[in-house]
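Trainee: Hi! Could you walk me through this structure, starting with some charged pairs and then moving on to the pockets?
Mentor: Happy to, let's bring it up.

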Amino acid sequence: MMEAATTVSDFKALTGPARAAARLLAIAPESQRNEALRAAAASLREHAPDILVANARDVASSKASAAFIDRLTLTPARIESMAKGLESIALLPDPVGRVLCDWTRPNGLNIRRVATPLGVIGMIYESRPNVGADAAGLCIKSGNAVILRGGSESLHSARCIQSCIQEGLEKAGLPRDCVQIVPDADRAHVAAMLTAAGEIDMIIPRGGKSLVERVQREARVPVLAHADGLCHTYIHKDADFAMAREILANAKMRRTGICGATETLLIDHAIAEALLPALVQDLHALGCAILGDERARHIVHDLEPATSDDFATEWLDARLSVAVVENVDSALAHIARYGSGHTEAIITENAEVAERFLNGTDSAVVMWNASTQFCDGGEFGFGAEIGIATGKIHARGPVGLEQLTTFRYEVRGTGQTRP
């Protein structure tokens with residue numbers, strides 16, 4: 001049963017100030033928004049010891065899996081990465097006020113399509129406290145206010161990070177209410193955010209499948225999200241074997257708990273007997289458990305059997321499903337059946353086949369001879385990402401500054417009237 005929502009008056013204590021702050025932020029000059037980001041980065045560095053203490057409290061109280069703990073844990077290096085992320089966002093071109101299109105009608109009217117902020121973003125996320133910093137940075141730069149709702153497991157870390165961001169806003173002369181966080185871990189805040197039509201302009205959830213599916217099911221506000229990151233790496237018969245081994249090890253094992261990690265390996269039958277044993281050996285050495293279909297187990301006998309349910313599972317752990325396929329069309333058919341529309345990769349030296357694969361998948365991101373773990377806003381040059389979207393409306397793939405804007409039309413005349 002769904003919990004009772006926070007009262008409208010309670011929630012407007014956040015959304016009212018957020019909307020007022022968003023109006024000021026939308027017209028703030030780029031230099032002021034950049035100053036806030038740099039000041040927030042300095043505050044994160046200054047208060048790094050406090051953040052680590054808060055994070056230690058969160059980690060100590062968690063009873064989750066090792067992969068979850070990895071996402072939850074902050075280190076000095078990860079805090080520095082948050083600070084550098086804010087500084088890199090400040091260096092990016094201003095997404096607000098861009099002229100997207102400009103034309104003049106025969107009657108002399110000049111029409112421009114101009115990028116504008118969305119308004120107030122509601123960000124619901126779990127476990128990874130650095131998500132709050134990335135979201136705040138991208139929203140500040142793109143002229144949007146943001147209301148953060150982190151998971152109960154990261155509450156102390158999230159509050160400390162938010163305080164640093166607000167300190168940066170204040171030093172730049174911008175309202176602290178540009179970045180707010182719900183006051184406690186009460187799940188009623190989620191229900192309130194999902195039904196805050198007219199108060200929140202877009203919801204972005206980042207977390208487990210159950211959270212995202214709930215948001216997509218119950219929201220009365222537009223949602224930008226993906227539910228699963230069931231990513232595939234397909235090794236074509238014309239692949240460079242050394243490259244394939246290196247890419248697959250990285251795509252699966254660099255960080256197993258992120259949505260861009262490869263969860264299924266597809267390998268051509270023509271090379272499976274020659275290459276698959278080496279791939280299995282590489283991954284076993286890295287601590288990865290491997291499940292194979294019947295054809296894969298015929299080649300490597302000690303693989304665990306993989307079922308249809310396994311191929312439909314986003315492991316987020318050191319586990320990999322393997323299927324032997326006939327060709328690129330078989331690989332595409334497997335992805336169409338089991339994929340989540342997130343990220344797919346092909347490894348091949350055959351450019352024609354690569355293009356067939358890139359054009360044949362319906363996923364938000366497709367890659368050729370690269371690790372699926374490059375599906376990341378920072379790696380795409382966005383400075384950071386506020387999430388990854390697999391839908392087809394408004395934004396797809398890593399969501400950065402440009403995707404946090406909409407547009408308006410500006411019409412300039414010289415006295416025209418319509419006949």
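Mentor: Let's begin with Lys237, which is partly exposed because its relative accessible area is 45%, between the 20% and 50% cut-offs. Keep in mind that this is a predicted model.

Trainee: Okay, and which residue forms a salt bridge with Lys237?
Mentor: That's Asp238, with the closest N and O atoms 3.6 Å apart. Asp238 also counts as partly exposed, at 27% relative accessibility.

Trainee: How many salt bridges does the count come to?
Mentor: It comes to 24. Have a look at Glu410: its side chain meets that of Arg408 in a salt bridge at 2.9 Å, N to O, and it meets the side chain of Arg412 in another at 3.1 Å.

Trainee: Is Glu410 buried or exposed?
Mentor: Glu410 is buried, because its relative accessible area of 16% is under the 20% cut-off. Elsewhere, salt bridges that share partners join Arg45, Glu80 and Glu87 into one network.

Trainee: Changing topic: which residues form the nonpolar patch on the surface?
Mentor: Leu100, Phe407, Tyr409 and Val411, with about 390 Å² of accessible area together. Strand E16, residues 405–412, gives the largest share of that patch, 3 residues.

Trainee: And where is Phe407 placed?
Mentor: Phe407 sits in strand E16, and it is partly exposed, with a relative accessible area of 40%.

Trainee: Now pockets! What volume does the largest one have?
Mentor: About 1100 Å³. There are 44 residues in its lining, and Arg128, Arg206, Ile258, Asp376 and Glu385 lie nearest its centre. The elements giving two or more residues to that lining are helices H4 (66–72), H5 (76–91) and H6 (130–141), plus strand E14 (387–389).

Trainee: Which element gives the most to it?
Mentor: H5, with 4 residues. By class, the lining of the largest pocket has 13 nonpolar, 16 polar and 15 charged residues.

Trainee: What about the second largest pocket, how much space lies in it?
Mentor: About 220 Å³. It is lined by 13 residues, with Glu126, Arg149, Gly151, Arg187 and Leu211 nearest its centre.

Trainee: Which helix gives the largest share of that lining?
Mentor: Helix H9, residues 209–218, which contributes 3 residues. The classes in the lining of this second largest pocket are 5 nonpolar, 3 polar and 5 charged.

Methods: Residues numbered from 1 in each chain as written. Predicted model: local features only at pLDDT ≥ 70, side-chain atom pairs only at ≥ 80, totals over all residues. Heavy atoms only, no water. Patch = residues over 30% accessible without salt bridge, like charges linked within 9 Å, V, L, I, M, F, W, Y side chains within 5 Å. Areas by Shrake-Rupley, 256 points an atom, 1.4 Å probe, with all protein chains shown as cover. Salt bridge = Lys/Arg side-chain N within 4 Å of Asp/Glu carboxyl O. Buried < 20%, exposed > 50% of the residue type's maximum accessible area, 1.4 Å probe, protein only. 1 Å grid on protein atoms, 1.4 Å probe; cavity = no way out; pocket = protein on both sides within 12 Å on 5 of 7 lines; lining within 4 Å. Points joined across faces, edges and corners; volume = space filled by probe spheres on them. Nonpolar A, V, L, I, M, F, W, Y, C, P; charged D, E, K, R; others polar.
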